[in-house]
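Welcome! Please take a look at the protein below, and then we will walk through some of its features together.

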Amino acid sequence: MELHITLDDRRDLTGSLYRQLRDAVLDGRLRAGEALPPTRELARRLAVSRGTVSVVYERLAAEGYLEARVGAGTFVRESAVPTPARRPSAASPLRPREVWTGLRAWPDRLRDVPYDLRAGLPDTRLFPYESWRRLVAGELRPKIYDIGDPAGLPVLREAIARHAGVSRSVRASASDVVVTSGIQQALDLIGRVLLEPGDVVAVEDPGYPPAATLFRSQGLRVTGVPVDAEGLRVDALPPDARAVYLTPSHQFPMGMPMSLPRRRALLDWARRRDVVVIEDDYDTEFRYGGRPVEPLQSLDEDGRVLYLGTFSKLMRPVLRLGYLVAPPALHEALRMARHVTSWHGDPPVQAALARFIDEGLLARHIRRSRRVYEERHEHIAAALAADFADRLTPIPSAAGLHLSATLSGPSDIRTVRAAEAEGVALFPLSDFAVTEPPVNGLVFGYGAITLDDLPEALHRLRHVLT
Ligand SMILES: Cc1ncc(COP(=O)(O)O)c(C=O)c1O
């Protein structure tokens, strides 16, 4: 890494260079074993004589900070760097807005545990790494321009329009698709393009916290709307809502699908009040029987539904690939919003994904993964019915990567803590409350845990619940 050095005081070049290099070693910016630039190169960069740099290197070597290795160069001496290298963090009058206080980023919650029942994680072992490596490597070659389209690579937008059309009956052409870095970025773009600070956004309660936090950070007012066995309660929607964000195909975190009459009622309500409907369809390519209900987007005749999909569950969340399907009136604004917030995605990876879809590899991966997840889903459903009936009432669900159950008796938070002490991690339903009273229950994610480990995980949980 290139070290930043300023030689403003031209009267004491040697002293100034010496102090800056020594401080960089002492505060750990230059790490043990790291190579310093050759004297000739550093002298040229700093517009000083080579002799000046040589004198400084020699002095630092004599004092034990650096060592010269014959024929190899000058390096930071192993013993020169205090461990851990730290400097005091600067005091500052700056404070984040209140909306950011008390939050925890997801990686902070993902400590390694022997039995992982946390929702939201697909099985990283199932991913076809060989194919993906081949496709990405094939795209890493020189191109004429190195700047991508903010809406995404055209071949990928084509492929996504087909994928969403075939697997989810979404009505879209390539021009309706904006490729995003996951659903989270799609939500950000929608807020910027369609909503004003102070607008009310209705979200399901319990619901998906990152969406609510994002909306709040944009100055929107978030109101939780209760859900029941048929999904979001349309009769409880706030009359002043400008937008509704929901997960109708597999409610997060409860798991039930929104019924068809409810979907129609929501679209009707949204049309009468001129409300934006944001449909998050994050994991329903994995279905385990039952007739899928059509997405709101394909029932909508009014062009007010924005459909969001993601490859986080289908492939892996680390790839940060998702998309948004929007009506033509929004295309250019969404494209510009993407442009000014993050320019564009990663064109080589987007091209690889287009081929992954076009060569049928995504469909094959979904088919294979679905079989694996379905077994886990059935195992948990059967165990809940057979062994947990006194405490847990499963919420019917036939899709995605998690299954939830309401809990009677002990508090879900205490149960989850006790389970963690036994090596089992899972989320309490009450973690997902927005503004309504929390629902007491447990979310069983089966993306990360193998079928072999499930019996032991459930056995330990049973032990905690007795
Ligand atoms: C409701 C919901 N939406 C979206 C996502 C995924 O979002 P992204 O595409 O940003 O990874 C998740 C992941 O857990 C989710 O639970």
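## Around the ligand

Let us begin with a term: a polar contact is a pair of N or O atoms within 3.5 Å. Keep in mind, too, that you are looking at a predicted model.

Which polar side-chain atom lies 2.6 Å from an oxygen atom of the ligand? One belongs to Lys313, and this pair falls within the cut-off. The side chain of Ser312 also takes part, with an N or O atom 2.6 Å from an oxygen atom of the ligand. Ile183 uses its backbone instead: a polar backbone atom there is 2.7 Å from a ligand oxygen. On its own, the ligand has 400 Å² of accessible area, and the protein covers 93% of that.

There are 13 residues around the ligand, and those that come nearest are Ile183, Asp280, Thr310, Ser312 and Lys313. Sorted by class, the shell has 4 nonpolar, 6 polar and 3 charged residues. Helix H7, which spans residues 182–194, gives the most to this shell, with 3 residues.

## The domains

Now step back to view the whole chain. The domain assignment gives domain 1 (10–76), domain 2 (115–123 + 364–465) and domain 3 (142–359).

## Two cis peptide bonds

The peptide bond leading from Asp205 to Pro206 is cis, and its omega is near 5°.

Another cis peptide bond joins Phe252 and Pro253, with omega about 10°. Pro253 sits in the loop between strand E8 (241–246) and helix H9.

Helix H9 covers residues 260–273 and includes Pro261. Is Pro261 buried or exposed? Pro261 counts as exposed because its relative accessibility is 57%, and the cut-off is over 50%. Along the chain, Pro261 and Glu230 are 31 residues apart, while their C-alpha atoms are separated by 8.8 Å.

## Positive phi angles

Ala47 is not a glycine, yet its phi is positive, at about 55°. You can find Ala47 in the loop between helix H2 (39–46) and helix H3 (50–62). Its relative accessible area is 57%, so Ala47 is exposed.

Ser169 is not a glycine either, and has a positive phi of about 55°. Look for Ser169 in the loop between helix H6 (154–168) and strand E4 (177–180). Ser169 counts as partly exposed because its relative accessibility is 32%.

Note on methods. Residues numbered from 1 in each chain as written. Predicted model: local features only at pLDDT ≥ 70, side-chain atom pairs only at ≥ 80, totals over all residues. Heavy atoms only, no water. Helix = DSSP H or I, 4+ residues; strand = E, 2+ residues; numbered from the N terminus. Buried < 20%, exposed > 50% of the residue type's maximum accessible area, 1.4 Å probe, protein only. Near = heavy atom within 4 Å. Polar contact = N/O pair within 3.5 Å; in protein donor to acceptor, adjacent residues only side chain to side chain. Areas by Shrake-Rupley, 256 points an atom, 1.4 Å probe, with all protein chains shown as cover. Nonpolar A, V, L, I, M, F, W, Y, C, P; charged D, E, K, R; others polar. Domains from an automatic or database assignment.
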